[in-house]
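Please keep the sequence and the coordinates open while reading.

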Amino acid sequence: MAGADLIIHGGPLLDGRTGRFDDGRAVVVRAGRVVELVREGSLPDGGEVPLLDVAGGHVTPGLIDSHCHLMVASTADPDHEHVAEAMVEAIATARALLAAGITTVRDTGSRTVAIHTLKRAIESGRVPGPRLLAAGVNVTGASAPRGWRQELADGPDDVRRLVREIHAAGADLIKLVLSHAPSEERWRRVHRFLDDAEIAAAAAEARALGVRTGCHCEGLPAARAAVASGVDVIDHGIGLDDAVVDEMVRRGTILVPTLWAFSTETLRDYARTLPPEDADDYEANVAAVHRRSFQRAHAAGVTIAAGSDPMVVGFAPDVLVREAVALRGAGLPVADVLRALTANGAAALGLDGEVGVLEPGARADVAVFADDPRQDLRALATPSLVLKDGVAVHGRPQPERAVPAGSR
């Protein structure tokens, strides 16, 4: 351990791949990476070892939000004022998310490419925030609404052109908007915005560019086309059947269900976009269908990653934990919820082994929680300490002290 920058010690460590905690291990950090996990009682003798004692806290990899929007507000025609307001919102949100223990975010859509400017500012250290992989503007078809976070394309060739443009503007991933059931029709009919050929063209173009794809997906026909085309992540996934989830397992397609964001209670009581008199129709036609789809996918063995999909500008930083509670309430075991927040999120982002785990070679993103999340997932809302790339970015760690190696 000579040359170690830091050894984090003092509490059980979460294995992001299994969702289980392991007692009696310490994390050795060097140059912002985990280089070794060691048993506390087997530290080698000799030399001096820098130690950070987390005093019995529960230690996890930094959490991952696999479906977030740092810039919630949208408009059909963004002007300078919209871009400025969106950036102010995003800077404040980025700081809050980092303090909440979220060290990596998959941002699935912004109406302005300013999200890529924010990413560069975070990477350079000018703005505190989580590691950001951003889609920027979404791709959809000519019949879709203009006011969302998307540009409209007509036909496979136009879709390919738009994918290339969005990638050139800085996108880390391509997000498609496939379909939607509008409230005006009491959520009884799902409208397709991209047909099968357009979805296939977008997925193929993204693969050629070396970037992953995700999709806002409602309804079975859209899901079938997305999975068959090799889209990497199904976002929401409302209305999945047994054949689709079996194909998702075969192909390794990941589901980010965002159960909390689509729940009747969230829309009625939190976002306040669902009038109480419409709640029964929404529950029957969307929320209940969504829960059953999620449960079918989980039962089949689909990889589940957790995403918050925040509803309002200035959203509470605990929305990812609300999603964790919603996943547990829909039947996901606690260990699988913890995997969804960590290693499975890394898989959704194409960062397996890079984030979401505390193992050699991974970035030293760490969150420490005073209470045991196995007993109450809401403990994850209040980290006492957060490290990103081995540097404390939230909380006040006990002063590092050098102790003789092997003295414990």
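A cavity here is a set of grid points, on a 1 Å grid over the protein atoms alone, where a 1.4 Å probe fits but cannot get out, whereas a pocket is an open set of points. The model discussed below is predicted, and a search of the whole structure finds one cavity of 30 Å³ or more.

**Confidence of the model**

- The mean pLDDT of the protein is 92, and 94% of its residues reach a value of 70 or more.
- Over residues 402-408, the pLDDT falls below 50, although this stretch has 22 contacts in the model beyond its near neighbours in sequence.

**The largest cavity**

- The space in the largest cavity comes to about 40 Å³.
- Its lining is formed by L63, A100, I102, P317, D318, L320, V321, L380 and A381.
- Sorted by class, the lining of the largest cavity holds eight nonpolar residues, no polar residues and one charged residue.

**The largest pocket**

- The largest pocket has a volume of about 870 Å³, and 31 residues line it.
- Of these lining residues, W148, H180, H216, F262 and M311 lie nearest the centre of the pocket.
- At least two lining residues are supplied by each of the strands β13 (173-177) and β16 (212-218), and likewise by each of the helices α7 (259-262) and α9 (279-300).
- The lining of the largest pocket comprises 15 nonpolar, eleven polar and five charged residues.

**The parallel sheet of β8, β9 and β10**

- Three strands form an open sheet in the order β8-β9-β10, and their pairing is parallel.
- The edges of this sheet are β8 (63-68) and β10 (131-134), each of which pairs on one side only.
- On average, and with direction ignored, neighbouring strands of this sheet are turned by 15° against each other.
- Strand β9, which covers residues 102-107, runs parallel to β10 and is joined to β10 by four bridges.
- Within this part of the sheet, T104 stands opposite R131 in β10.
- Helix α2, made up of residues 114-124, lies across β9 and β10 and runs at about 155° to β10.

**Antiparallel pairing of β1, β4 and β5**

- Strand β1 (residues 6-9) pairs with strand β4 (residues 25-30) in the antiparallel sense, over three bridges, and the bridge partner of I7 in β4 is V28.
- Strand β4 also pairs with strand β5 (residues 33-39), again in the antiparallel sense, over six bridges.

- Three bridges link strand β21 (residues 383-388) to strand β22 (residues 391-394), and the two strands pair in the antiparallel sense.
- The bridge partner of K388 in β22 is V391.
- Two residues lie between the strands of this hairpin, and D389 has a positive phi near 50°.

Technical notes. Residues are numbered from 1 along each chain as its sequence is written. This is a predicted model: local features need pLDDT of at least 70, side-chain atom pairs count only at pLDDT 80 or more; totals for chains, interfaces and linings use all residues. Side-chain values use heavy atoms; hydrogens and water are left out. On a 1 Å grid over the protein atoms alone, a cavity is a set of points where a 1.4 Å probe fits but cannot get out, and a pocket is an open set with protein on both sides within 12 Å along at least five of seven lines; lining residues have an atom within 4 Å of a point. Grid points are joined across faces, edges and corners, and a volume is the space filled by probe spheres set on the points. Ala, Val, Leu, Ile, Met, Phe, Trp, Tyr, Cys and Pro count as nonpolar, Asp, Glu, Lys and Arg as charged, and the others, Gly among them, as polar. Two strands pair if DSSP finds at least two bridges between them. Axes are lines fitted to C-alpha atoms, for helices over the stretch in contact, and angles run from 0 to 180 degrees between N-to-C directions. Contact means heavy atoms within 4.5 Å. pLDDT is the predictor's confidence in each residue, from 0 to 100.
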